[in-house]
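Student: Could we go through this model together? I would like to know what stands behind the words used for it.

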Amino acid sequence: MLNKKNIFSWLNFFKKKSLNNNNKIINNDKNNSTVNSVLQSIKHTKNNFLFKIKKFFLKNTLNDLFFEKLEEQLLQYDFGVFVSKSIVNNIFKKYKNNVLKDESDIYLELKDSLYKILNKPILNRDIIVKSTQHNPYIILLIGINGVGKTTTAAKLAYFYKNLGKSVALSASDTFRAAAIEQIKAWGDKISIPVFCKQYGTDPSSVIFDSIDFARTNKIDVLIIDTAGRLHSNINLIYELQKNIRVIQKKMSANPNEVLLVLDACNGQNSFTQTELFFQHISNITGIILTKLDGTAKGGIIFSIIEKFSIPIQYFSNGENLSDFYKFDAKDFIESIFS
């Protein structure tokens, strides 16, 4: 174990290391503003999400028991059994083979292991090209009840509006009480049109006609808010499949993005939800993670991504419209380990 008088020097040394296989020094000048933005945006998350990694390394002596405790910490913060064991076993093996020499090596190896899980290819959302028929870029939001899809739809619309895109919202949740009023209120607040019909209307009909509305008004981005699905009601999943078929027929293509909205506070339940949608919806392109500032169970995202290979596209961590960010694996891990 390193002595206490220089332990903070090696903790500070970690910040200079990269997130790649060789742990080389990186130049952060190019992304400084982005990193600072993420640091600011998840400042509360750092206190709740994962565990106090530096505190853990300071408290525990490096021996075989150290690795058991590390696995326990990962399990405590909902990394799941498979991911926790896989990460710790790989680190322990390298330690036993003298590839990792001390705490600083292990710290960096943990950091890189988490980064590699999160670092999945994501769509280039900055490039949205309208065809000559003025087809909109269609984003379909899916998820269970109560994860904040409608608010997320508004935040995503506001995000694209600030990119200079024309945006419309489609209110296809025609069953939940006050769902249409809620999304219309958001539309009024951010000056974005909302296409809607009466309660009880077939959601597929709303989606079909909202695409015509978007074409007629030369809308760049059409964001479709769907009704929440419960894992106990498979008929609602079939209805969602029908929604996607309608888009495929109307556009002669899949939705540009199908984004699964997950509540970071739901822990293992989020894994179950992802499994449900993954089994029945074949073209999920990404995850939007909400309420990231209110959880100590956020480790579940590593299990979800490792199992299903669905990248996180965005995350949200506040009530304001602007509390919505593009997800970057490197910046996110740097923020946690800073």
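Predicted model: local features only at pLDDT ≥ 70, side-chain atom pairs only at ≥ 80, totals over all residues.

Student: Why is H11 called oblique to H12?

Tutor: Helix H11 (residues 234-251) and helix H12 (residues 268-280) pack at an angle of about 50 degrees, their axes 10 Å apart. Angles under 35 degrees count as roughly parallel, over 145 as roughly antiparallel, 65 to 115 as roughly perpendicular and the rest as oblique. That makes H11 oblique to H12.

Student: Which residues of H11 and H12 make the contact?

Tutor: Ile234, Ile237, Leu240 and Gln241 of H11 meet Leu276, Phe277 and His280 of H12; contact means heavy atoms within 4.5 Å.

Student: And what makes S3 and S8 edge strands?

Tutor: The open sheet has eight strands in the order S3-S2-S4-S1-S5-S6-S7-S8, with mixed pairing. Strand S3 (194-195) and strand S8 (324-326) each have a single partner strand, so one side of each is left without a neighbour in the sheet.

Student: How do you know that S2 and S3 pair?

Tutor: Two strands pair if DSSP finds at least two bridges between them. Strand S2 (residues 167-171) and S3 have two bridges, in the parallel sense, and Leu169 stands opposite Val194 in S3.

How values were computed:
Residues numbered from 1 in each chain as written. Heavy atoms only, no water. Axes fitted to C-alpha atoms, helices over the stretch in contact; angles between N-to-C directions. Helix = DSSP H or I, 4+ residues; strand = E, 2+ residues; numbered from the N terminus.
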